[in-house]
Amino acid sequence: MPECRYTSPRAPLQLDHEMYGWFPIGFTPTGLSVDPDAVKEALKQCITYLEEVIVSFRPPEGKVFLLGFSQGAIMSYMTAFTRPDLLHGVIALSGQLPESAMPEISSPELLKTIPFLVLHGIYDDILPIEKGRAARLWLEQHTLDLTYHEYPVAHQISGVGVTTIRTWLTEHLPR
(Lines give C-alpha, C1' and ligand atoms only; values in the text may rest on other atoms or scores of the structure.)
Protein backbone atom coordinates (compact mmCIF):
# COMPACT_ATOMS: atom_id res chain seq x y z
CA MET A 1 0.00 0.00 0.00
CA PRO A 2 2.06 2.96 -1.22
CA GLU A 3 0.00 5.55 0.66
CA CYS A 4 1.20 4.15 4.00
CA ARG A 5 4.48 4.26 5.89
CA TYR A 6 5.32 1.27 8.01
CA THR A 7 7.43 1.02 11.11
CA SER A 8 7.89 -2.16 13.08
CA PRO A 9 9.52 -2.10 16.48
CA ARG A 10 11.02 -5.31 17.74
CA ALA A 11 9.82 -5.97 21.25
CA PRO A 12 12.59 -5.15 23.75
CA LEU A 13 12.93 -8.50 25.57
CA GLN A 14 14.51 -11.61 24.08
CA LEU A 15 12.38 -14.45 25.45
CA ASP A 16 14.02 -17.25 23.46
CA HIS A 17 16.19 -17.68 20.38
CA GLU A 18 14.62 -15.41 17.70
CA MET A 19 11.61 -14.82 19.99
CA TYR A 20 11.04 -11.35 21.39
CA GLY A 21 8.34 -10.02 23.67
CA TRP A 22 7.18 -6.87 25.38
CA PHE A 23 7.05 -8.55 28.79
CA PRO A 24 8.07 -11.91 30.31
CA ILE A 25 5.52 -14.71 30.11
CA GLY A 26 5.18 -17.96 32.00
CA PHE A 27 3.53 -21.11 30.71
CA THR A 28 1.44 -22.78 33.42
CA PRO A 29 -1.07 -25.66 33.36
CA THR A 30 -3.88 -23.06 33.46
CA GLY A 31 -2.44 -20.91 30.67
CA LEU A 32 -0.06 -18.01 30.34
CA SER A 33 0.95 -15.96 33.36
CA VAL A 34 2.33 -12.42 33.34
CA ASP A 35 3.53 -9.84 35.81
CA PRO A 36 1.02 -6.94 35.59
CA ASP A 37 3.73 -4.42 36.56
CA ALA A 38 5.96 -5.61 33.70
CA VAL A 39 3.01 -5.26 31.31
CA LYS A 40 2.37 -1.69 32.50
CA GLU A 41 6.04 -0.80 32.00
CA ALA A 42 5.94 -2.30 28.51
CA LEU A 43 2.88 -0.18 27.74
CA LYS A 44 4.82 2.97 28.71
CA GLN A 45 7.62 1.96 26.31
CA CYS A 46 5.14 1.26 23.51
CA ILE A 47 3.38 4.60 23.96
CA THR A 48 6.69 6.47 24.03
CA TYR A 49 7.66 4.75 20.78
CA LEU A 50 4.34 5.70 19.15
CA GLU A 51 4.68 9.32 20.26
CA GLU A 52 8.17 9.43 18.70
CA VAL A 53 6.84 7.91 15.45
CA ILE A 54 4.07 10.51 15.32
CA VAL A 55 6.54 13.37 15.85
CA SER A 56 8.97 11.98 13.26
CA PHE A 57 6.56 10.96 10.50
CA ARG A 58 3.68 13.41 11.08
CA PRO A 59 0.89 11.02 10.00
CA PRO A 60 -2.58 12.38 9.11
CA GLU A 61 -4.36 13.83 12.16
CA GLY A 62 -1.32 12.88 14.29
CA LYS A 63 -2.55 9.31 14.61
CA VAL A 64 -1.41 5.86 13.50
CA PHE A 65 -2.81 2.40 12.93
CA LEU A 66 -1.42 -0.11 15.38
CA LEU A 67 -1.02 -3.75 14.33
CA GLY A 68 0.17 -6.39 16.75
CA PHE A 69 0.57 -10.17 16.77
CA SER A 70 0.26 -12.17 20.01
CA GLN A 71 1.88 -9.97 22.71
CA GLY A 72 1.82 -7.17 20.17
CA ALA A 73 -1.96 -7.55 20.00
CA ILE A 74 -2.14 -7.23 23.78
CA MET A 75 -0.02 -4.09 23.58
CA SER A 76 -2.29 -2.77 20.81
CA TYR A 77 -5.39 -3.30 22.95
CA MET A 78 -3.76 -1.64 25.97
CA THR A 79 -2.65 1.34 23.91
CA ALA A 80 -6.18 1.77 22.56
CA PHE A 81 -7.63 1.60 26.05
CA THR A 82 -5.20 4.13 27.55
CA ARG A 83 -4.25 6.41 24.62
CA PRO A 84 -7.00 6.18 22.00
CA ASP A 85 -6.06 9.72 20.92
CA LEU A 86 -2.95 8.27 19.21
CA LEU A 87 -4.81 5.80 17.00
CA HIS A 88 -6.70 5.66 13.71
CA GLY A 89 -7.39 1.97 14.35
CA VAL A 90 -6.17 -1.33 15.79
CA ILE A 91 -5.40 -4.64 14.11
CA ALA A 92 -5.07 -7.40 16.72
CA LEU A 93 -3.79 -10.75 15.45
CA SER A 94 -3.85 -13.94 17.54
CA GLY A 95 -3.95 -12.00 20.80
CA GLN A 96 -6.11 -11.53 23.85
CA LEU A 97 -7.31 -8.80 26.16
CA PRO A 98 -4.76 -7.94 28.86
CA GLU A 99 -6.81 -9.86 31.47
CA SER A 100 -4.64 -9.54 34.64
CA ALA A 101 -3.27 -6.15 33.58
CA MET A 102 -6.44 -4.59 32.16
CA PRO A 103 -5.95 -0.83 32.34
CA GLU A 104 -8.66 1.67 33.15
CA ILE A 105 -10.28 2.93 29.96
CA SER A 106 -9.09 6.54 29.74
CA SER A 107 -11.78 7.76 27.34
CA PRO A 108 -14.70 5.38 26.73
CA GLU A 109 -16.28 7.79 24.23
CA LEU A 110 -13.11 8.09 22.15
CA LEU A 111 -12.50 4.33 22.34
CA LYS A 112 -15.93 3.78 20.78
CA THR A 113 -14.80 5.64 17.65
CA ILE A 114 -11.69 3.52 17.00
CA PRO A 115 -12.13 0.74 14.43
CA PHE A 116 -10.78 -2.69 15.36
CA LEU A 117 -9.87 -5.65 13.17
CA VAL A 118 -9.40 -8.87 15.15
CA LEU A 119 -8.12 -12.06 13.48
CA HIS A 120 -7.54 -15.35 15.30
CA GLY A 121 -6.64 -18.93 14.39
CA ILE A 122 -9.18 -21.58 15.30
CA TYR A 123 -6.37 -24.04 16.08
CA ASP A 124 -4.20 -21.60 18.07
CA ASP A 125 -2.41 -23.62 20.76
CA ILE A 126 -0.65 -20.62 22.36
CA LEU A 127 -3.63 -18.28 22.80
CA PRO A 128 -6.69 -20.48 22.20
CA ILE A 129 -9.57 -19.25 20.04
CA GLU A 130 -11.57 -18.55 23.20
CA LYS A 131 -9.22 -15.62 23.85
CA GLY A 132 -10.09 -14.10 20.48
CA ARG A 133 -13.78 -14.70 21.05
CA ALA A 134 -13.63 -13.10 24.50
CA ALA A 135 -11.95 -10.04 22.96
CA ARG A 136 -14.69 -9.90 20.32
CA LEU A 137 -17.44 -9.96 22.99
CA TRP A 138 -15.74 -7.21 25.02
CA LEU A 139 -15.13 -5.03 21.96
CA GLU A 140 -18.72 -5.45 20.77
CA GLN A 141 -19.78 -3.71 23.99
CA HIS A 142 -17.15 -0.95 23.89
CA THR A 143 -16.64 -0.03 20.23
CA LEU A 144 -18.81 0.85 17.25
CA ASP A 145 -16.59 -0.52 14.45
CA LEU A 146 -15.42 -4.12 14.94
CA THR A 147 -14.45 -6.58 12.24
CA TYR A 148 -13.73 -10.10 13.53
CA HIS A 149 -12.55 -13.17 11.60
CA GLU A 150 -11.46 -16.67 12.53
CA TYR A 151 -9.25 -18.76 10.25
CA PRO A 152 -8.37 -22.49 10.22
CA VAL A 153 -4.76 -21.92 11.35
CA ALA A 154 -2.69 -22.17 14.54
CA HIS A 155 -0.80 -19.27 16.20
CA GLN A 156 0.00 -17.57 12.91
CA ILE A 157 -1.34 -15.23 10.25
CA SER A 158 -2.96 -16.87 7.24
CA GLY A 159 -2.58 -15.65 3.66
CA VAL A 160 -6.29 -14.89 3.64
CA GLY A 161 -5.74 -12.90 6.85
CA VAL A 162 -3.12 -10.75 5.11
CA THR A 163 -5.65 -9.98 2.37
CA THR A 164 -8.25 -9.14 5.03
CA ILE A 165 -5.80 -6.73 6.69
CA ARG A 166 -5.03 -5.00 3.39
CA THR A 167 -8.72 -4.59 2.52
CA TRP A 168 -9.61 -3.36 6.02
CA LEU A 169 -6.77 -0.86 6.08
CA THR A 170 -7.74 0.47 2.66
CA GLU A 171 -11.31 0.98 3.87
CA HIS A 172 -10.20 2.74 7.06
CA LEU A 173 -7.44 5.04 5.84
CA PRO A 174 -8.11 8.70 6.54
CA ARG A 175 -9.33 10.50 3.41
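Trainee: Why is Arg83 called partly exposed?

Mentor: This is a predicted model, and Arg83 has a relative accessibility of 25%. Buried means under 20% and exposed means over 50%. The 25% of Arg83 lies in between, so Arg83 counts as partly exposed.

Trainee: What makes the contact of Glu51 with Arg83 a salt bridge?

Mentor: The closest N and O atoms of Glu51 and Arg83 are 2.8 Å apart. The cut-off is 4 Å, between a side-chain nitrogen of Lys or Arg and a carboxyl oxygen of Asp or Glu. The 2.8 Å is within 4 Å, so the pair qualifies.

Trainee: Why is that pair said to tie parts together?

Mentor: Glu51 lies in helix 1 (residues 36-57), while Arg83 lies in the loop between helix 2 and strand 6.

Trainee: Which class does Glu51 fall into?

Mentor: Glu51 is partly exposed, at 32% relative accessible area.

Trainee: Why is Thr82 called buried?

Mentor: Thr82 has 18% relative accessibility. Buried means under 20%, so Thr82 counts as buried. Thr82 is found in helix 2. Beyond four places away in sequence, Thr82 touches Leu43, Ile47, Pro103, Glu104 and Ser106.

Trainee: What does helix 2 pack on?

Mentor: Four strands form an open sheet in the order 5-6-7-8, with parallel pairing. Strand 5 (64-69) and strand 8 (146-151) each have a single partner strand, so they stand at the edges. The twist averages 10° from one strand to the next. Helix 2 (residues 71-82) packs on this sheet and touches strand 5, strand 6 and strand 7 (116-121). The direction of helix 2 makes about 145° with that of strand 5. Helix 5 (residues 159-172) packs on the sheet as well, touching strand 5, strand 6, strand 7 and strand 8. Its direction makes about 175° with that of strand 7.

Trainee: How do you know that strand 5 and strand 6 pair?

Mentor: Pairing needs at least two bridges. Strand 5 and strand 6 (residues 87-93) have six, in the parallel sense. Among the bridge partners, Gly68 goes with Ala92, and Leu67 goes with Ile91.

Trainee: What makes strand 6 mostly covered?

Mentor: Seven of its seven residues are buried.

Trainee: How do you know that Lys112 and Glu109 form a salt bridge?

Mentor: Their closest N and O atoms are 3.9 Å apart. That is within 4 Å, so the pair counts. Both residues lie in helix 3 (residues 108-112), about one turn of the helix apart. Glu109 has 55% relative accessible area; exposed means over 50%, so Glu109 is exposed. Lys112, at 31%, counts as partly exposed.

Trainee: What does the salt bridge of Glu150 with Arg133 tie together?

Mentor: The closest N and O atoms of Glu150 and Arg133 are 2.7 Å apart. Glu150 lies in strand 8 and Arg133 in helix 4 (residues 129-142), so the pair ties together parts that are 17 residues apart in sequence. Glu150 is partly exposed at 26%, and Arg133 is partly exposed at 32%.

Trainee: How many salt bridges does the structure hold?

Mentor: The structure holds six.

How values were computed: Residues numbered from 1 in each chain as written. Predicted model: local features only at pLDDT ≥ 70, side-chain atom pairs only at ≥ 80, totals over all residues. Heavy atoms only, no water. Helix = DSSP H or I, 4+ residues; strand = E, 2+ residues; numbered from the N terminus. Axes fitted to C-alpha atoms, helices over the stretch in contact; angles between N-to-C directions. Contact = heavy atoms within 4.5 Å. Buried < 20%, exposed > 50% of the residue type's maximum accessible area, 1.4 Å probe, protein only.
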